[in-house]
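Subject: Structure for you to look at

Hello,

Please find the structure below. My notes on it follow.

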Amino acid sequence: MSVNEGWFKEKEVMWPGQAFSLKVEKVLHEAKSDYQDILVFDSNSYGRVLVLDGVIQLTERDEFAYQEMIVNLPMLSHPQPRHVLIIGGGDGGVLREVARHPDVETITMCEIDKMVVDVAKDFFGETTATAFDDPRLNLQFQDAAEYIKNFPGHFDVIIVDSSDPVGPAETLYTREFYIGLRQALRPGGVICTQGECMWLHLELIGEVLSHCRELFPTVDYAYTCVPSYPSGQIGFLLCSLDPAPGALRQPAREAEADLLDQLRYYNTSVHRAAFMLPGFAEKIIAPLRQQAV
């Protein structure tokens, strides 16, 4: 267990030389699934925390900054998303945000680890895991890389809420996986994947962008600020089959007022600003973007 003398310390899996720590009030759950170690604890200052394989997946204090952006950037970049696929997202936060969109007809969720969903229902039932009873949901416990092969041309939006590219999420960062995502999209479809941290992983980000620009007419990179994630920032890799100028960067439609009333981070101005990168990252990412002019 990564708790020592009352403090949780993250494992340095992909960020050698730095580690984030939280003071622990109470350890609530500790288990090992077929795929990963699972830890839930109440923290002193960040609320309840979910940890997988020694890495923080969410805290109640700041999870909305991630969930709202990974969902609404692609959802509002599509003019009329009816059929949505969530890959990963076992904590339920992405599902919660997709379910806020009343015009969505079907929500398919493919999560490899059933225990993560069960733990989320038990310990995050009032925060992230609030929409598992939505009648539009089709929940599958499978390897997503294999699952999507059975649904060519089926989804309007695909959201990949994966952990880092080690362990069970490793296949979700390959060129072959992105080929599968593209084939599963309907015309004009959009995908958004967890895109790592520009402060730590620019080489990996560049590698995945290079794969995507061979497959999609529009490819871009955005980010959000999440204090409990490494370096306080995490990015999103977005791809669209829409070749129009401004696709992704400009919302295809405005968020309705009743949706915005439910959100704490995303709005239209934040959508546009999320693609504005600092100079050191822009220098690497700009040549890899794919945008019509």
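Two strands are taken to pair if DSSP finds at least two bridges between them. Helices (H or I, at least four residues) and strands (E, at least two) are DSSP runs, and their numbers count from the N terminus. This is a predicted model, in which local features need pLDDT of at least 70 and side-chain atom pairs count only at pLDDT 80 or more, while totals for chains, interfaces and linings use all residues. Residues are numbered from 1 along each chain as its sequence is written, and side-chain values use heavy atoms, with hydrogens and water left out.

The sheet

Six strands make up an open sheet with antiparallel pairing, in the order β1-β2-β3-β4-β5-β6. At its edges are β1 (3–4) and β6 (55–59), each of which pairs on one side only.

At the β1 end, two bridges join β1 to the antiparallel strand β2 (residues 7–9). V3 has F8 in β2 as its bridge partner.

At the β6 end, β5 (residues 48–52) and β6 are antiparallel and share four bridges. There, V51 is the bridge partner of I56 in β6. The hairpin of β5 and β6 has two residues between the strands, and D53 takes a positive phi near 50 degrees in it. Is β6 enclosed or open? Five of the five residues of β6 are buried, so this strand is largely enclosed by the rest of the structure. Buried means under 20% relative accessible area, exposed means over 50%, and partly exposed is in between (1.4 Å probe, protein chains only).

T108

T108 is part of strand β8 (residues 106–110). T108 counts as buried, with 7% relative accessibility. Leaving out residues up to four places away in sequence, T108 touches V84, L85, I86, N138, Y147 and F155; contact means heavy atoms within 4.5 Å.

Q290

Q290 sits in the segment after α9 (279–285). Setting aside neighbours within four places in sequence, Q290 is in contact with R213, F216, P217, T218 and V219. A polar atom of the Q290 side chain lies 3.3 Å from the backbone oxygen of F216. Q290 and A120 are 170 residues apart in sequence, and their C-alpha atoms are 37 Å apart in space.

Pocket and cavities

The search used a 1 Å grid over the protein atoms alone: a cavity is a set of points where a 1.4 Å probe fits but cannot get out, a pocket is an open set with protein on both sides within 12 Å along at least five of seven lines, and lining residues have an atom within 4 Å of a point. Grid points are joined across faces, edges and corners, and a volume is the space filled by probe spheres set on the points.

The largest pocket holds about 270 Å³ of space. Its lining has 18 residues, with H101, P102, D103, R253 and E256 nearest the centre. By class, eight of the lining residues are nonpolar, three polar and seven charged. Here Ala, Val, Leu, Ile, Met, Phe, Trp, Tyr, Cys and Pro count as nonpolar, Asp, Glu, Lys and Arg as charged, and the others, Gly among them, as polar.

There are two cavities of 30 Å³ or more. The second largest cavity has a volume of about 60 Å³ and is lined by 11 residues, of which Q194, G195, I205, V208 and L237 lie nearest its centre. At least two lining residues come from each of β11 (185–194) and α6 (202–213), and α6 gives the largest share, three residues.

Regards

Definitions and conventions:
Polar contact = N/O pair within 3.5 Å; in protein donor to acceptor, adjacent residues only side chain to side chain.
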